[in-house]
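Open the model in your viewer and keep the selection tool handy. We will walk from one stop to the next, with a note on what to pick at each.

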Amino acid sequence: MARTSGSTEVPVSRASPPGYGPRQHASAAGRAWSRVAAALLLSAALPAAAQSARKPQPLPGLDPGGVMVAFVGAGIDYMRPGLADRLARDGEGEIIGFDLVDRDRRPYCRVDCEAETNAAEAVVAAAPQSRLAVFKVDGVGLAAPAIQMAAQAKAAVIVVHLPDDAQTAGLLKAASERFRDTLIVLAPRPPEAPPEKSAASTSKAQPAPETKADGSQAAKPDTVIMLPAPAAGTGSGTVPEVLDRAARIAARAATIVAASPSTRGAALRAEIEAAAN
């Protein structure tokens with residue numbers, strides 16, 4: 001059962017993988033993260049029965065080294081030749097990553113996730129000095145511990161593929177305040193509301209800017225890059241294109257960190273945005 005103490009970081013899952021455990025916090029950002037992550041985790045549906053027997057075991061290998069880029073989403077087909085040898089691994093050769101739905105070390109997906117697999121391939125192709133960590137989730141509830149796991153593993157960049165709604169916005173704000181050395185790139189999923197309700201639903205989902213006690217607006221998360229939500233149809237802004245844009249940003253970030261390891265978080269975002277202007 002997940003513990004929700006404000007002084008303890010939320011456990012990764014009901015069955016935490018080795019190396020990812022709760023951690024004590026005294027900072028306000030740490031306590032805020034614990035509250036947000038615990039609430040989302042408790043609201044998530046119970047995981048489905050384990051499907052490990054139906055998923056391939058990652059090929060044996062050693063850590064390829066380089067800057068870690070994490071993907072939080074539906075998982076990837078890590079058996080593709082271009083990805084199998086770019087998976088980040090620990091000292092025992094186990095991949096750094098996790099399937100939080102099935103609760104195992106096989107964050108595999110082959111159906112309905114080709115865009116995420118292609119994005120992962122694009123990252124390692126454009127940034128040969130990068131390595132991949134994959135965390136499979138089925139919604140924003142499990143994304144909270146997934147982001148925590150990736151940040152604790154020292155990922156320089158986390159590509160998050162979730163709906164662009166109020167829950168995701170709250171999660172990323174808390175993550176930005178808690179994990180200051182990690183750049184998070186949101187590649188939004190299409191809105192789930194029917195087309196005739198999309199506009200109204202979106203307007204309700206977007207949180208109003210926070211106002212401080214002195215009347216000024218709180219700053220937006222400075223370690224998060226939020227790409228525009230994809231539109232319906234096959235034109236500009238479709239899911240593959242959004243993930244492709246996220247992959248290009250992640251590859252650029254990995255290249256920057258490889259050359260300048262101290263450029264992380266907000267400084268990394270600022271350098272990427274300056275180069276784009």
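**Stop one: a helix pair**

Start by selecting H7 and H8: H7 passes H8 in a right-handed crossing (right-handed if the near helix is turned clockwise from the far one by less than a right angle, left-handed if anticlockwise). Helix H7 covers residues 239-259 and helix H8 residues 265-276, and their axes come within 10 Å and cross at roughly 115°. Helices here (H or I, at least four residues) and strands (E, at least two) are DSSP runs, numbered from the N terminus. The axes are lines fitted to C-alpha atoms, for helices over the stretch in contact, with angles running from 0 to 180 degrees between N-to-C directions.

Before going on, a word on the model: it is predicted, local features need pLDDT of at least 70, side-chain atom pairs count only at pLDDT 80 or more, and totals for chains, interfaces and linings use all residues. Residues are numbered from 1 along each chain as its sequence is written, and side-chain values use heavy atoms, with hydrogens and water left out.

Which residues make the contact between H7 and H8? Show Ile249, Arg252, Ala253, Ile256 and Val257 on H7, then Leu268, Glu271, Ile272 and Ala275 on H8; contact means heavy atoms within 4.5 Å. Colour them by class and you get 7 nonpolar, no polar and 2 charged (Ala, Val, Leu, Ile, Met, Phe, Trp, Tyr, Cys and Pro count as nonpolar, Asp, Glu, Lys and Arg as charged, and the others, Gly among them, as polar).

**Stop two: around Lys55**

Lys55 forms a salt bridge with Asp102 at 3.2 Å, N to O; the term asks for a side-chain nitrogen of Lys or Arg within 4 Å of a carboxyl oxygen of Asp or Glu. This pair links distant parts of the chain, 47 residues apart: Lys55 sits in the loop between helix H1 (28-43) and strand S1 (67-73), and Asp102 in the loop between strand S2 (97-99) and helix H3 (114-126). Lys55 and Asp102 are buried (under 20% relative accessible area; exposed is over 50%, partly exposed in between, with a 1.4 Å probe and protein chains only).

Lys55 also meets Asp104 in a salt bridge, at 3.0 Å from N to O. Because Lys55 lies in the loop between H1 and S1 and Asp104 in the loop between S2 and H3, the pair ties together parts that are 49 residues apart in sequence. Asp104 is buried, as is Lys55.

**Stop three: helix H5**

Move to helix H5 (residues 166-178), where Lys173 and Glu177 lie 4 residues apart, about one turn of the helix. The two form a salt bridge, with the closest N and O atoms 2.7 Å apart. Lys173 has 24% relative accessibility, so it counts as partly exposed; Glu177, at 36%, is partly exposed too.

Still in H5, pick Ser176. Is Ser176 buried or exposed? Its relative accessible area is 1%, so Ser176 is buried. Leaving out residues up to four places away in sequence, Ser176 touches Pro221, Asp222, Thr223 and Val224.

**Last stop: the disulfide**

Finish with Cys109 and Cys113, joined by a disulfide with S to S at 2.2 Å; the cut-off for a pair of cysteine sulfur atoms is within 2.5 Å. The count comes to 1 disulfide. The link of Cys109 and Cys113 is left-handed, with -115° about the S-S bond. Cys109 counts as buried at 9% relative accessibility, and Cys113 as buried at 3%.
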